[in-house]
Amino acid sequence: MAPLTPYTVAVPDERLRKLQAKLELAEFPDELDAAGWDYGVPLADIKRLTAYWKDNFNWRNQEEEINKLPNFQTEIQIDGFDALKVHFIHQKSDTPNAIPLLFCHGWPGSFLEVVKLLPLLGNPGKDVPAFHIVAPSLPNFGFSEGPKKRGFAMKQYAETCHKLMLQLGYGQYVTQGGDWGSHITRLMDLLYPQHVKASHINYVSPAKPPTFTNSPIAALQHAVIPYSESEKAGLTRTEWFHKEGYGYNNEQSTKPQTVGYGLQDSPVAFLAWIYEKLHDWSDEYPWTDDEILTWISIYWFSTTGPAASCRIYYEATHASEYNYAALREYIPHVKLGLSYFPKDLNVPPRAWGRMLGPVVFESVHEDGGHFAAHERPQVLAEDLFKMFGKGGGAYGVIKVSEAKVDCKVVTDAAMNETLAAEDLCKECGLKRIVPKKAAPTQWLTPYGLGLGD
């Protein structure tokens with residue numbers, strides 16, 4: 001097992017000087033009279049942000065703040081690929097029996113999306129569950145390495161995240177994800193149901209509404225019960241996204257190398273490419289220039305460079321197994337929680353969302369967008385407290401015993417699923433949790449019949 005080592009973000013001075021030189025030489029297009037956000041990012045916004053990036057933004061200050069987080073790095077071997085160095089945040093709770101939670105980001109986010117959740121979930125108080133939080137930089141994102149050959153798709157991302165949790169000693173854990181994180185964690189539900197005990201997602205993207213073939217009761221409800229006003233608004237938002245906001249997805253899913261040249265070479269082009277999404281995908285969130293440029297800089301100074309982050313779209317849509325479409329179908333066995341935010345990109349009716357798996361928790365919010373953990377961290381945290389706390393649909397999903405073993409034994413056991421154990425590691429002090437194999441049993445959820453351990 002590869003060692004877990006503390007990680008310090010330290011962008012070389014030369015990269016900062018190179019960025020400064022590129023910003024000095026930036027050229028801007030003209031703009032039509034009365035062009036608005038529907039035409040793309042306004043020229044005035046990009047000029048303002050470029051000037052601030054060049055003259056006032058202090059990356060070293062942001063770097064210092066990032067390095068206050070519990071940053072680590074380890075090496076993970078992915079089947080069929082070279083081992084990758086993976087960066088991650090790992091905040092351990094001081095609360096006994098805290099729940100191990102994998103937080104999985106998407107695009108154009110990063111591990112930074114978890115930052116506001118750390119103080120809320122780590123030691124929240126005696127009446128709600130606490131969480132050990134693990135938030136990796138996905139391969140090709142942030143300060144993780146990326147593969148050097150084709151085919152690193154959803155299965156490989158899921159494997160990376162799962163093996164990271166095992167290397168930390170978490171043989172049983174829960175997940176939370178938005179954007180690509182929702183798809184990756186749902187695939188983990190499918191591939192590793194003995195380890196992933198429940199998943200919560202804030203990006204609800206089913207393939208289609210219920211049918212009389214796959215869910216007669218839900219299909220009947222869908223057919224006879226009118227949509228609520230919020231559901232109608234959600235369908236309108238979804239239609240807007242696929243008609244007016246989906247161009248980036250088509251390009252990154254088909255020709256990521258072509259668009260990558262501009263994103264890799266021009267900081268202004270990359271800024272515009274990402275800032276458009278931060279604006280359009282959030283719900284009137286008051287982005288500061290420092291916030292925007294810190295998010296942008298995580299990509300610009302990333303280990304693999306900004307262009308590499310686009311490849312996930314191509315690989316996910318072209319994969320021979322577990323492709324993007326497959327992850328929008330029903331996945332059994334693992335309890336599922338859904339949080340709906342009105343300015344997300346896909347906002348389906350509730351009956352559609354229940355086609356994704358055995359739903360044990362639902363929450364519909366009056367505001368909030370695609371970046372829920374950053375825009376509405378308190379709201380998202382409260383959803384997790386309700387789902388995993390007493391009376392919640394996923395209460396008690398992590399079961400442990402009193403056995404104590406060392407890191408290697410725990411990790412080997414988790415890989416083989418041969419014993420149940422919890423320990424306090426003699427070397428690193430981390431709590432280790434390992435599941436025992438068990439046949440799934442049926443249980444009744446508030447939203448239908450599901451399967452679980």
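**Close-up 1. Glu276 forms a salt bridge with Lys277.** The closest N and O atoms are 3.2 Å apart. A salt bridge here is a side-chain nitrogen of Lys or Arg within 4 Å of a carboxyl oxygen of Asp or Glu. Lys277 is buried, at 1% relative accessibility. Glu276 is partly exposed, at 26%. Buried means under 20% relative accessible area, exposed over 50%, and partly exposed in between (1.4 Å probe, protein chains only). The model is predicted: local features need pLDDT of at least 70, side-chain atom pairs count only at pLDDT 80 or more, and totals for chains, interfaces and linings use all residues. Residues are numbered from 1 along each chain as its sequence is written, and side-chain values use heavy atoms, leaving out hydrogens and water.

**Close-up 2. Arg376 pairs with Asp367 in a salt bridge.** Their closest N and O atoms lie 3.1 Å apart. Arg376 is buried, with a relative accessible area of 18%. Asp367 is partly exposed, at 37%. Elsewhere, salt bridges that share partners join Asp13, Arg60 and Glu63 into one network. The structure holds 14 salt bridges.

**Close-up 3. Glu65 forms a salt bridge with Lys68.** The closest N and O atoms are 2.9 Å apart. Glu65 is partly exposed, at 43% relative accessible area. Lys68 is exposed, at 57%.

**Close-up 4. Helix α10 spans residues 256–265.** Helices are DSSP runs (H or I, at least four residues), numbered from the N terminus. The buried residues of α10 are Pro256, Val259, Gly260 and Leu263. They fall within an arc of 115° seen down the axis, so they line one face of the helix. The arc is that of the directions from the helix axis to the C-beta atoms. On the other side, Thr258 and Tyr261 are exposed.

Definitions and conventions
Helices (H or I, at least four residues) and strands (E, at least two) are DSSP runs, numbered from the N terminus.
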